[in-house]
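Colleague: I'm new to this one. Can you walk me through what the terms mean as we go?

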Amino acid sequence: MATQNIVEKILSDAQIEAQGILSNAEKRRDEIVSKANVVALERQLQAQTNAEEYAKSTLEKRLADARLESSKILLKEKRKAVDAVYALALQRLLALEKEDCLTLYSALLEKYAEEGDEVFLAKNFAYEQELRSLPILKERGISVSKDRVDIEGGMKLVGKLADKELSFTALLTADKDRNQAELARKLFN
C-alpha cells in the first residue's frame, strides 16, 4: 500500500502541477491575446488615422488642382476677352472714314517719321492721293513709295537709320503690351 500511496501522491502532485501549468498557460494565453488585441486596436486606429490623413491630403491636392485649373480657364477667357477688344479695335481702325484716317496717319508720321523717311503704305490703304498732300510729308522731306506692303492697315517707315513698322497690328500689339493689365482691371472689376 505504501507503493499505492506513493503512486497516488505522485499522480496527485502531477495533476496539481499539470493544473498549475494549464492555469499558467491559460493566463499567458489571455495576456498574449489581450496584448494582441491592444496592438491590433492600435494598428487599426493608426491605419484609420493614416487613411483619414491620406484622404484629407488627397482632397486638399485635388481642391488645389481644381482651383488652379479654374484660374487657368478664367485667365484664358479673360485673355480672349482682351484679344476680342483689340480685334474690334483693329476692325474699327481699318474702317475709319477718310478724315479720321488721314488725321491718324498724320499723327503717326508726326510722332515717328524722321527727315527723309520713305513711307510704304498697306495694300488696303484707300487714300494715297490725299495722304500725299499732308503737310508733314513736305516739312520732313518724306516720300511715299508706289510699292505697298502686306500689312493690315497702317504703314512702314524706311529710314536711313532705322525702319519702323506702324501697321495697325503692330501698334495695337504695342498698346496691348503696355495697357493689358489696366484694360483687364477695367473689364473685370
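Modeller: Let's start with a definition: a residue is buried if its relative accessible area is under 20%, exposed if it is over 50%, and partly exposed in between (1.4 Å probe, protein chains only). Helices (H or I, at least four residues) and strands (E, at least two) are DSSP runs, numbered from the N terminus. This is a predicted model, where local features need pLDDT of at least 70, side-chain atom pairs count only at pLDDT 80 or more, and totals for chains, interfaces and linings use all residues. Residues are numbered from 1 along each chain as its sequence is written, and side-chain values use heavy atoms, with hydrogens and water left out.

Colleague: What makes E1 largely enclosed by the rest of the structure?

Modeller: Four of its five residues are buried, so E1 counts as largely enclosed.

Colleague: Why does serine 145 count as buried?

Modeller: Its relative accessibility is 6%, and the limit is under 20%, so serine 145 is buried. You'll find serine 145 in strand E2 (residues 143–149).

Colleague: And why does glutamate 99 count as exposed?

Modeller: Glutamate 99 has 57% relative accessibility, so it passes as exposed. That residue is in helix H2.

Colleague: Which residues is serine 145 in contact with, leaving aside its neighbours within four places in sequence?

Modeller: Contact means heavy atoms within 4.5 Å. By that rule serine 145 is in contact with Glu118, Val119, Phe120, Glu128 and Arg132. Its side chain also reaches the backbone nitrogen of aspartate 147 at 3.0 Å. A polar contact is a pair of N or O atoms within 3.5 Å; within protein, one must be able to donate a hydrogen and the other to accept it, and residues adjacent in sequence count only if both atoms are side-chain atoms.

Colleague: How do E1 and E2 run, parallel or antiparallel, and how many bridges join them?

Modeller: They run parallel, with four bridges. Strands pair if DSSP finds at least two bridges between them. Leucine 121 has arginine 148 in E2 as its bridge partner. On to E3: E1 pairs with it in the antiparallel sense, over four bridges, and glutamate 118 stands opposite valine 158 there.

Colleague: Which residues are buried in H2, and what puts them on the same side?

Modeller: Cys101, Leu102, Tyr105, Leu108 and Leu109 are buried. They cover an arc of only 125° around the axis, which puts them on the same side of H2; the arc is that of the directions from the helix axis to the C-beta atoms. On the other side, Glu99, Thr103 and Lys111 are exposed.

Colleague: Which residues have the most contacts inside the largest nonpolar core?

Modeller: A nonpolar core is a set of buried Ala, Val, Leu, Ile, Met, Phe, Trp, Tyr and Cys residues joined through side-chain atoms within 4.5 Å. The largest one has 24 residues, and Tyr105, Leu109, Val119, Leu121, Leu131 and Met155 have the most contacts inside it. H2 gives the largest share of this core, five residues.
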